[in-house]
Amino acid sequence: MDAKSIIRNAVDRVGELRQRATERPGLAEAVSEIKHLQARRFQGTYADLLDTTLYRPAALFFLNELYSDKDYTERDAQFSRIAGALERIFPEQVVHTAVSLAQLHGLTEELDFSMAEHWMTHPDGAEGARYIAAWRAVDRRSDRSKQLSTTLEVGAELDRLTRKHGLRTMLRMMRRPAQMAGLGSLQQFLEAGFDTFAAMGKQADSVSYFLGVVDARESALMTQLFEAQTVLCETEISRLLGKPL
C-alpha cells in the first residue's frame with residue numbers, strides 16, 4: 001500500500017473513532033481520562049530522564065507528541081487533506097516518517113478507545129486498578145508490541161533524518177510553503193523532532209541509549225501489565241501515577 005493510502009486509512013479510522021466517542025454519552029470523556037492517565041504514567045516511568053539536561057527534550061517530545069492527551073485533530077486534518085501531495089511536498093525520508101507516525105496514531109487511538117469503553121462501564125475502584133483491568137480486558141498483546149515498535153521506529157527515523165545533509169535547511173525553507181498548504185502542524189512536528197534528536201545526537205550513543213531505555217522500560221511494563229499478580233501490578237502503576245504532571 002502506498003503512503004497516501006496508509007495515511008488516509010489511519011486518519012479515517014481515527015476520525016471514525018472520534019465520531020463514535022461523541023455519539024455515546026461519557027465515552028469521549030473516558031477516552032480523555034485514559035489518555036491523561038497514560039501521560040502521567042509516562043512521566044512517572046521516565047522521571048529520571050526528565051530530570052536530565054540531555055534527555056529531557058527527547059522525553060518531553062515523546063510525551064507531548066506520542067503519549068499525551070493532546071488534541072491532534074488539526075494535524076490529522078492536515079494529514080488527510082494532503083496525503084496525496086505528501087510525496088511531492090516533502091522529501092522521501094520525511095514521507096516515511098509521516099507514514100510511521102500516522103500508523104502509530106491510528107493504532108494508539110484504537111487501543112485507547114477500547115480501554116475507554118471498559119473504563120466507562122467499570123467506574124468503581126482506584127484509577128490504577130481500573131487501568132489494569134481495562135488493559136487486560138482489551139488484551140491485544142501483539143498490537144501493544146506493534147505500538148511500541150512503531151514508537152521506537154519513529155524515534156529512529158527522526159534520528160536518521162538528522163544525518164541527512166541539508167535536510168534541516170530544507171525544512172526551514174519549507175516553513176512558508178507548508179503554512180500556505182495548510183501543513184503547519186505537520187511542519188512543527190517535523191522540526192521539533194529533528195531539532196530534539198539532532199541536539200541529543202551530538203553526544204555519542206545518546207540516541208541509542210534513550211531509545212533503548214524506552215524499549216526496555218515499556219517492554220517490562222507491558223509484561224507486568226499482562227502477567228504480574230494484580231496486587232504487585234497495582235502497586236507499580238500507583239507509584240508511577242503518583243508523579244504529578
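Which helices each supply at least two residues of the lining of the largest cavity? I worked on a predicted model, and I found five names to record: α2 (27-45), α7 (92-121), α8 (127-138), α9 (141-161) and α13 (206-227).

Entry on the cavities. I noted about 410 Å³ of space in the largest cavity. I counted 25 residues in its lining, with Gln 38, Leu 66, Tyr 67, Thr 108 and Gln 147 lying nearest the centre. I then sorted the lining of the largest cavity by class and recorded 11 nonpolar, 6 polar and 8 charged residues. Helix α7 gives the largest share of this lining, 6 residues.

Entry on Thr 97. I next examined Thr 97, which lies in helix α7. Is Thr 97 buried or exposed? I classed Thr 97 as buried because its relative accessible area is 0%, and the cut-off for buried is under 20%. Leaving aside residues up to four places away in sequence, I listed Glu 157, Leu 158 and Leu 161 as the residues that Thr 97 touches.

Entry on the nonpolar cores. I found 61 residues in the largest nonpolar core, where Phe 62, Tyr 131, Phe 210 and Leu 225 have the most contacts. For Leu 225, again without residues up to four places away in sequence, I noted contacts with Tyr 131, Ile 132, Trp 135, Arg 136, Cys 233 and Ile 237. I also recorded a second, separate core of 9 residues, among them Ile 6, Ala 10, Val 11 and Ala 102.

Conventions
Residues are numbered from 1 along each chain as its sequence is written. This is a predicted model: local features need pLDDT of at least 70, side-chain atom pairs count only at pLDDT 80 or more; totals for chains, interfaces and linings use all residues. Side-chain values use heavy atoms; hydrogens and water are left out. A nonpolar core is a set of buried Ala, Val, Leu, Ile, Met, Phe, Trp, Tyr and Cys residues joined through side-chain atoms within 4.5 Å. Buried means under 20% relative accessible area, exposed over 50%, partly exposed in between (1.4 Å probe, protein chains only). Contact means heavy atoms within 4.5 Å. On a 1 Å grid over the protein atoms alone, a cavity is a set of points where a 1.4 Å probe fits but cannot get out, and a pocket is an open set with protein on both sides within 12 Å along at least five of seven lines; lining residues have an atom within 4 Å of a point. Grid points are joined across faces, edges and corners, and a volume is the space filled by probe spheres set on the points. Helices (H or I, at least four residues) and strands (E, at least two) are DSSP runs, numbered from the N terminus. Ala, Val, Leu, Ile, Met, Phe, Trp, Tyr, Cys and Pro count as nonpolar, Asp, Glu, Lys and Arg as charged, and the others, Gly among them, as polar.
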